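Hi everyone, thanks for coming. I'd like to walk you through a structure today, so please have a look at it before I start talking.

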Amino acid sequence: MTQDILTVDGLKAYYQMNYFGVEREVRAVDGITMTVRKNEIYGIAGESSSGKTSFIKVLAAAIRPPMRVVDGSAKFNFKNGPIDVTTATPQQIESIRWRHLSYIMQGSMSTLNPVRRIGKTFEDFAKRPLAASGTPYRERVLGHLERLKLPADVLNAYPHELSGGMRQRVTIGLATVCHPEFVIADEPTTALDVVVQKEVLGLIREIQQDMGSSVVFVTHDMSVHANMTDRVGIIYAGRLVEEGPTRQMFFAPKHPYTAHLVASLPRIGDTTQRPALEGRPPSLANPPAGCRFHPRCPLAIDKCKTEVPPLIPVANDHRSACWRWQDVGPLVKPHQANRVMA
Amino acid sequence: MSTLLEVKEVSKQFTMGGMLSRKIVRAVEGASLSLSVEKPEIFTIIGESGSGKTTLARMILGLELPSSGEISFRGKTVSHKVGRAERLEFMANVQPVFQNPFEAFNPLKRIDRYLESTATRFLKLRQRDDIDAAMDGALQKVGLSLAEVRGRYPHEMSGGQLQRAAIARALIPNPPLLVADEPVSMVDASLRMSIVNLLKSLRDDLKVSVIYITHDLATAYYISNRLIIMQRGRIVEMGDARTVLDNPEHPYSRLLKASVLSTEDAGDGKLATDPGMVALAGELVSKPGRLVDRPDGRLVRVYG
């Protein structure tokens with residue numbers, strides 16, 4: 001039995017600016033429709049300025065001007081009732097924040113208050129949502145720290161006294177101490193070294209399985225997605241261009257952009273020439289017509305320049321927005337050939 | 001064979017704290033390597049943060065003086081405490097490429113101004129046409145052109161283009177050696193390979209040697225000829241890139257390789273690190289050990 005915890009339907013979030021009489025509209029999220037199931041890790045990949053951060057800002061109910069939700073909805077189906085974050089009142093959002101909907105932030109150094117001990121930061125975060133104080137609160141926090149393999153002393157430490165990996169574990173601890181049903185993780189491991197990164201990723205996965213919550217995991221690093229997620233969605237220029245189970249996305253991608261991302265990953269034990277994608281990500285203020293990937297796409301035909309491809313099912317549980325998805329296969333052949341040899 | 005760059009038993013210590021709580025940090029200890037003039041190569045320095053890889057690069061660039069040991073470039077000792085003419089000559093030969101192109105360029109200054117000042121300073125060009133030709137030549141090498149870059153500010157270009165412009169700037173004086181400190185870690189996935197392939201073609205077509213500093217083993221395997229792996233200031237393994245990474249011998253190198261996330265088993269969710277490996281690599285940090293030769297040409301640090 002799989003149930004959806006999040007249903008996003010035709011979501012459009014634009015930045016509307018009006019400086020000195022010049023109006024500018026940046027279409028950062030332009031019609032995204034997707035769902036996140038209970039107890040899964042959904043990966044979102046996309047390069048900088050692809051709109052992925054704007055998208056998760058909407059999901060995290062942090063919609064502030066100049067960003068505005070123009071159309072569509074993002075409905076969560078929490079235990080205490082459904083809520084649409086695009087229309088909810090601040091009071092409603094307050095009631096789900098941290099307890100049901102939580103957020104792991106990117107830079108642990110800038111997230112934690114440098115002049116406050118970790119224990120105090122925990123109190124700021126967790127005392128109210130947990131509705132506990134005294135011994136029950138302390139036991140809850142200490143039990144959670146133990147699960148994160150952090151010593152109890154960290155509560156007395158200042159952020160600068162901890163290593164990067166430990167700090168990141170503290171931010172994960174803060175985000176998960178209330179056992180939220182839905183966690184948004186925005187590039188939580190980008191600043192970490194390889195060895196620590198793997199540890200932290202493993203920990204997020206462990207905690208997720210332990211609590212049975214859903215995670216939306218955002219990073220541009222495809223190799224992290226390969227090892228971390230159950231399903232991956234690729235965002236390009238404000239639109240979801242492909243979505244599917246992680247394994248299928250890596251071994252049978254159905255969108256040329258995904259195929260390129262996968263094919264360009266260098267691997268140890270393989271020195272064949274990797275292709276590089278020419279061109280640059282389009283500007284969201286003035287995106288190309290038709291399929292937004294067409295100026296950089298090796299498969300582009302005339303139709304791609306004028307008509308926007310819909311996100312259609314192409315395989316079991318797998319959707320792609322490409323007019324030529326059937327022809328994408330050959331692009332990834334070198335990758336699969338390698339796999340057979342290895 | 002003549003040597004281009006020779007790093008001999010170089011160490012660097014930093015003193016931290018005041019008089020009572022003085023602490024000495026050994027950023028680099030006894031590092032040796034050499035590059036030859038005849039055989040341009042991509043020489044990779046791999047290490048985590050705090051391994052001393054950036055300190056080593058700064059010493060090679062002459063921005064930092066070694067506490068002991070010597071670095072020489074074409075037989076001359078590298079130092080910033082030399083005459084202006086000599087320093088400029090060295091800077092024309094060894095050029096840096098930095099990690100974040102958005103920080104390397106002043107956002108209020110046009111990109112071609114940087115290229116122009118590099119051309120006038122190092123090539124001593126004074127004529128407009130000569131300067132333009134030098135700028136365009138360098139930009140062509142990285143797949144850009146002067147027409148695309150002229151008059152533009154850093155925010156008008158993508159990260160990949162900007163990093164290529166940074167490499168073009170470094171190429172203007174036709175240096176035999178580039179020092180690139182994590183040149184791709186801030187560049188988007190779809191543009192990353194264009195930079196990596198560019199470094200490769202600089203070596204193959206323009207015969208430029210590159211010291212490539214990274215923590216990414218996969219790109220290191222892809223482009224480098226030789227590499228060193230550093231752990232807390234010490235070189236723990238050194239040798240041919242393929243030999244070392246295909247079959248790393250030092251426990252720390254093995255841990256690094258095991259921590260690389262592979263896409264071969266995508267979707268299986270394999271994220272466990274062997275705690276024994278982490279402990280073993282951690283134990284060795286405090287031991288000095290010594291580097292020994294192996295029959296396959298690599299150097300490995302052994303203990304006891």
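Predicted model: local features only at pLDDT ≥ 70, side-chain atom pairs only at ≥ 80, totals over all residues.

Let's begin with chain A as a whole. Chain A holds twelve helices and twelve strands. Its radius of gyration is 21 Å, close to the 20 Å that the globule rule gives for 342 residues, so chain A is as compact as a globular protein of that length.

One open sheet in chain A is made of eight strands, and reading across it you get β6-β7-β8-β3-β9-β10-β12-β11, with mixed pairing. Which strands stand at the edges? They are β6 (101–104) and β11 (312–315) of chain A; each has a single partner strand, so one side of each is left without a neighbour in the sheet. From one strand to the next, the twist averages 25°.

In chain A, β3 (residues 41–45) and β8 (residues 214–218) pair in the parallel sense, over four bridges. If you want to find the spot on screen, look for Ile41(A), which stands opposite Val215(A) in β8(A). Helix α1 (residues 52–59) of chain A lies across β3, β7, β8 and β9 of that chain, and α1 runs at about 155° to β8(A).

Chain A also has an open sheet of four strands, in the order β2-β1-β4-β5, and here the pairing is antiparallel. The edges are taken by β2 (22–37) and β5 (81–84) of chain A, each with a single partner strand, so again one side of each has no neighbour in the sheet. Neighbouring strands in this sheet are turned by 10° against each other on average, direction ignored. Inside it, eight bridges join β1 (residues 4–19) of chain A to β4 (residues 67–78) of chain A, and Val8(A) stands opposite Ala74(A) there.

On to chain B. Its strand β1 (residues 3–16) runs antiparallel to β2 (residues 23–36) of chain B, with ten bridges joining them. These two strands form a hairpin with six residues between them, and Gly17(B) in the turn has a positive phi of about 90°. Met16(B) stands opposite Lys23(B) in β2(B). β1(B) also pairs with β4 (residues 68–73) of chain B, antiparallel and over five bridges; Lys8(B) faces Glu70(B) in that pairing.

Next, a helix pair. α11(B) and α12 (residues 275–283) of chain B pack at an angle of about 140°, with their axes 8 Å apart. The two helices are therefore oblique to each other, and the crossing is left-handed. Residues making the contact include Tyr252(B) and Leu255(B) from α11(B), and Met277(B) and Leu280(B) from α12(B). What is the make-up of that contact's residues? They divide into eight nonpolar, no polar and one charged.

Finally, the meeting of the chains. Here 37 residues of chain B are in contact with 36 residues of chain A. On the chain B side, α7, α8, α9, α10 and α11 each supply at least two residues. The residues on that side divide into 15 nonpolar, 16 polar and six charged.

How values were computed:
Residues numbered from 1 in each chain as written. Chains lettered and ligands numbered in written order. Pairing = 2+ DSSP bridges. Axes fitted to C-alpha atoms, helices over the stretch in contact; angles between N-to-C directions. Contact = placed C-beta atoms within 7 Å. Nonpolar A, V, L, I, M, F, W, Y, C, P; charged D, E, K, R; others polar. Parallel < 35°, antiparallel > 145°, perpendicular 65-115°, else oblique. Left-handed = near helix turned anticlockwise from the far one by under 90°. Rg over C-alpha atoms; globule rule 2.2 N^0.38 Å.
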